[in-house]
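Here's a quick briefing to read alongside the model. Have the sequence and the 3D view open as you go.

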Amino acid sequence: MSLTRNHNSNQYCDLCKYRWGQNKNGWDLRAMTPAVWKVQSETPLRKAQVRFYCQPCADDVQNWPDGTFYSLKEQLEDAINDFAGREKLNVELP
Ligand SMILES: [Zn+2]
């Protein structure tokens with residue numbers, strides 16, 4: 001499981017795509033936000049599940065409505081703990 005910077009500017013944020021979606025002309029302009037973060041998880045059962053986030057969406061998923069800050073790294077680590085060592089930990093911070 002890894003958290004790395006995305007360097008492919010043609011890769012759009014998954015959350016923005018989910019939020020704004022497509023119209024008859026293709027992706028909504030707001031959905032075409034280049035991703036900054038690449039989150040990749042690997043389990044023995046499911047290989048390389050990848051999610052891309054732009055910075056505002058990464059901030060969104062890290063700042064909870066009750067004011068708690070729950071970083072992507074912590075979220076990854078907690079997810080890893082759920083797998084009780086069956087996942088490989090490889091977190092690269094900015
Ligand atoms: Zn986004």
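Which residues does Ala35 touch, not counting residues up to four places away in sequence? Ala35 touches Asn6, Gln11, Tyr12, Cys13, Phe52, Tyr53 and Cys54, where contact means C-beta atoms, placed from the backbone, within 7 Å. Keep in mind that this is a predicted model: local features need pLDDT of at least 70, side-chain atom pairs count only at pLDDT 80 or more, and totals for chains, interfaces and linings use all residues. Numbering starts from 1 along each chain as its sequence is written.

**Overall layout**
- The protein has three helices and six strands, taken as DSSP runs numbered from the N terminus (helices are H or I, at least four residues; strands are E, at least two).
- Reading from the N terminus, the order is β-α-β-β-β-β-α-α-β.
- Of the contacts between residues at least 6 apart in sequence, 50% join residues at least 24 apart.

**Confidence**
- Mean pLDDT (the predictor's confidence in each residue, from 0 to 100) comes out at 82 for the protein, with 80% of residues reaching 70 or more.
- Among the elements, H1 has the highest mean pLDDT (93), while strand S6 (residues 90-91) has the lowest (55).
- Where pLDDT is low, the predicted coordinates should not be read in detail.

**Core and burial**
- Buried residues account for 13% of the 94 residues; buried means 20 or more other C-beta atoms within 10 Å of a residue's own, exposed means 12 or fewer, and partly exposed is in between, with C-beta atoms placed from the backbone.
- The largest nonpolar core has eleven residues, among them Ala35, Cys13, Phe52 and Tyr53; a nonpolar core is a set of buried Ala, Val, Leu, Ile, Met, Phe, Trp, Tyr and Cys residues joined through C-beta atoms within 7 Å.
- Helix H1 (14-20), strand S5 (49-53) and helix H2 (55-62) each give two or more residues to this core.

**Strand pairing**
- S1 and strand S4 (residues 37-41) pair antiparallel over four bridges; pairing takes at least two DSSP bridges between two strands.
- S4 also runs antiparallel to S5, joined by five bridges.
- Gln40 in S4 stands opposite Ser2, and Gln40 also stands opposite Val50 in S5.

**Around Ser41**
- Ser2 counts as partly exposed because it has 15 C-beta neighbours inside 10 Å.

Key: Contact = placed C-beta atoms within 7 Å.
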